[in-house]
Structures are given as structure tokens and as C-alpha cells.
Amino acid sequence: MVKSQETLGTGVRRGVYEMAAPAANLTINGDRLWDSLMEMAKIGPGVAGGNNRQTLTDSDAEGRALFKTWCEEAGCTMGLDEIGNMFARREGTDPDALPVYVGSHLDTQPTGGKYDGVLGVLGGLEVIRSLNDTGIRTKHPIVVTNWTNEEGTRFAPAMLASGVFAGKHDLQWAYDREDAEGKSFGDELERVGWKGEEKVGARKMHAMFELHIEQGPILEAEGKDIGVVTHGQGLWWLQCTVTGKDAHTGSTPMNMRVNAGLGMARMTEAAHQIAMAHQPHAVGAVGQCDVYPNSRNVIPGKVVFTVDFRSPDLEKLTSMREQYEAKAQQIADELGLGLEIEPVGHFDPVTFDEGCVTAVRNAAERLGYSHMNLVSGAGHDACWINDVAPTAMIMCPCVDGLSHNEAEEISKEWAKAGTDVLFHAVVETAEIVS
């Protein structure tokens with residue numbers, strides 16, 4: 001091996017030696033990976049073929065227990081921090097070498113698919129299993145991670161636990177998040193038995209890789225096996241509370257109504273218009289709303305809804321938020337409505353580490369998989385971890401780009417290709433010991 005001073009993009013050294021790449025004929029066991037995906041999908045089944053394994057539910061606890069069993073059977077030790085992040089460690093040959101992390105999340109949307117997040121966790125486990133099969137040892141330990149509450153459906157915001165790990169959120173603030181029933185994150189973490197004692201964020205990383213389905217249509221449309229994710233979109237979630245006056249829909253004159261529902265309708269249209277005015281590479285929509293009292297013959301007196309703006313361009317992202325807040329207030333004033341806007345989720349656009357991205361691209365080329373650069377349209381745990389360690393993402397196609405839907409689907413071949421690339425990128429970065 002030849003001495004090298006190469007560093008990853010964030011300034012963290014890859015190691016003092018040039019790294020040997022795995023041989024092109026080294027691939028993962030695609031059948032075993034698929035069987036694991038299907039076995040995990042039996043836990044928290046949805047009503048239409050997908051999954052409802054929301055974070056810190058009994059189903060989530062059951063899925064975690066199965067994952068822990070599989071990791072221990074693969075010879076890993078399991079760590080658990082104060083926010084429930086799980087860390088399955090395969091030892092390296094150098095006790096002083098920082099680990100290479102790999103993983104995603106096991107929690108799902110209420111009507112989620114079988115692959116969103118889960119592929120990244122079980123793909124990481126398959127990396128460990130395949131290393132065991134081949135007897136390959138690495139200098140750096142490899143750690144497979146299940147990040148808690150990536151989806152943010154039950155407890156906002158999304159990527160909550162990785163955000164605490166990266167120092168974006170305070171731990172107690174996270175514990176105090178409440179679901180729609182008023183149950184707190186901290187209490188539910190205790191209840192399901194997955195609160196650890198390890199300090200959140202105490203771990204140091206050599207690098208991290210996350211495999212994920214694309215959640216968009218580009219790879220399938222372009223006929224590509226692999227998305228090499230170079231950037232991630234930034235995001236603003238703005239929770240809007242519009243207040244008017246409950247009144248009878250039949251007996252209240254039109255000119256005397258203070259209709260919170262009408263305010264929401266116009267503000268929803270405003271979100272669309274503002275996103276369209278910032279094209280290209282900008283999106284916006286209202287994705288969640290609650291209407292009160294939600295009766296067919298009562299004019300809504302209160303509406304709470306969330307606007308989702310995203311862009312890989314920070315200037316556009318900032319502009320959309322500013323323009324929307326001004327326009328929404330104008331609409332509220334015109335209709336005599338009260339308005340409060342609270343940011344409930346945010347991260348800036350992400351540029352993933354050049355060295356890790358190159359490892360992913362080289363792996364795809366070595367293995368003969370077609371590939372293209374991608375900007376991730378969704379938020380992922382890797383977006384937060386990129387602030388504290390060199391990070392990259394790998395994406396595989398999904399049918400019709402459909403995700404956050406029980407009809408979400410991928411092929412066994414796509415799952416294997418993505419995990420093959422993950423295997424090579426992780427093992428190269430962890431440094432094979434001959």
C-alpha cells in the first residue's frame with residue numbers, strides 16, 4: 001500500500017493509506033436481502049399491502065427487536081443511545097480507527113411502503129452478512145444504524161433523532177415533542193423500551209453511507225440502475241394556524257362570514273404560485289391540514305395546515321418562505337382572519353462529501369451498473385449527518401416514483417444493485433485488510 005494524504009471533502013482523513021477496492025465479482029446475496037425485506041414487512045402491516053410501523057409504536061418496537069436479533073446473529077454488538085438510535089457494530093482490525101457508518105430508518109408513514117428507509121437498514125445488515133460470508137476483514141469497524149423517527153409523521157419534525165445526534169436539536173426538546181393524542185416522544189420511547197443510556201452524538205464517524213429508494217421517477221424514466229446523490233434539497237415546513245369564526249353554513253350571510261377554510265384555500269394556491277415562480281428546482285405544496293370543527297354544516301372557525309417548500313438552491317428556498325409569509329398575511333388581513341406561522345421543520349440544502357460520492361460512483365462503474373447524478377428531493381438522515389461526518393447517499397429506482405404510499409414497489413434486482421454499490425463503497429472506505 002502507498003502512503004496518501006487524501007482527505008474527504010470535510011477535512012476528515014480517509015486514512016493514511018490508499019484504499020484497495022473490492023474485486024468486481026464480490027457482490028451481496030440478493031435473495032437473502034429480499035427475504036429480510038419481506039420478513040420485516042410482516043411487522044406493522046398496512047391495509048393495502050404496505051406498512052404502518054410508525055415510530056415508537058408497538059410495531060416499531062417489534063421491528064427493532066427483529067433487527068437486533070439479526071445483527072447479533074451476524075456477530076455484531078448493539079449500541080443504543082438516549083434517543084433510541086440503534087448501532088450494530090462489526091469490529092475492525094484497528095481498535096483506534098473510526099467506524100464507517102451505514103444505515104437509514106425502520107419507521108414508516110401511516111400508509112407507507114415496505115422499502116422506504118428499510119432498504120437502507122437491511123442493506124447495511126446485508127453488507128455485514130456478506131463480509132462474514134467472504135471472510136473479509138476491514139481496518140475500520142462498520143456500524144449499521146437505525147435512526148429513530150426519520151419520517152416525522154407521528155412526532156414532528158422529520159429526521160428528529162439524527163438531528164439531535166448532529167446537534168441541530170436539543171434532546172429535551174425532542175423528548176417534549178407530542179403526537180396528535182398528546183403523547184410525548186420521551187414517554188413513548190420509555191414505554192416501548194428502546195431508550196438507551198449512551199449520550200446522543202458522542203460517537204465519531206470516519207464516514208457514513210445511506211442507501212434509499214429514489215422516491216421519484218427519474219431513475220426509472222432514464223433507465224438507470226443507480227443514483228449517485230450529490231446534493232440534497234433544503235426544506236422549510238411552515239405550520240399555519242388560521243382562525244376565523246365558527247358559524248352555520250346555511251344561515252350566515254356571505255358578507256358576514258369569517259371563513260378560515262377560505263383562507264386556507266387561498267393560501268394553498270399561494271404556495272403553488274410561489275413555487276412555480278421560482279422554477280426550476282423548487283417545489284411547494286400543502287400536505288397536511290386539520291379543519292375545525294370539521295362539520296359539514298359549520299363554516300370552519302380554525303384551520304391548521306403545513307406548507308412544504310423545497311429547493312437545492314438556498315436563495316430560492318429562503319425567498320419562497322419570505323414571499324409566502326408575506327402573501328399569507330395579506331390574505332388573512334383581506335378576509336379578517338387571524339394567522340400564526342410557525343416553522344416546524346428546516347434544513348439547508350446539502351452538498352454531500354466529494355470523496356464519499358466518488359466512492360459510490362466508482363463502485364457503480366466497477367460493478368457495471370448504469371448510473372447518473374441525482375439531487376435528493378426528500379430529506380434523509382444523511383442530510384444531518386453530513387454536517388458532522390463525510391457522507392454520501394445511493395439511490396435505486398422505485399416503480400413510477402411512488403413512495404409514502406402502500407403501493408410503493410421496487411424490484412429484487414434494483415435492491416441488489418443498490419446494495420452491491422453500498423457494499424463496495426463501504427468496504428473500500430473501511431479499508432480491506434489483506
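Hi everyone, let's start with residues 233-332: the end C-alpha atoms of this span lie 29 Å apart, and 37% of the span is helix and 34% strand. Helices here are DSSP runs of H or I with at least four residues, strands are runs of E with at least two, and both are numbered from the N terminus. UniProt, in an unreviewed entry, lists residues 233-332 as "domain: Peptidase M20 dimerisation"; such annotations may be inferred rather than shown by experiment.

A quick word on the model: it is predicted, local features need pLDDT of at least 70, side-chain atom pairs count only at pLDDT 80 or more, and totals for chains, interfaces and linings use all residues. Residues are numbered from 1 along each chain as its sequence is written, and side-chain values use heavy atoms, with hydrogens and water left out.

Now the domains. The assignment, which is automatic or from a database, gives domain 1 (30-233 + 349-433) and domain 2 (234-347). Their C-alpha centres lie 33 Å apart. Eleven residues of domain 1 are in contact with 14 of domain 2, contact being heavy atoms within 4.5 Å.

Finally, glutamine 215, in the loop between β6 (207-213) and α7 (218-222). Beyond its neighbours within four places in sequence, glutamine 215 is in contact with several residues, including His380, Cys398 and His404.

Thanks, friends!
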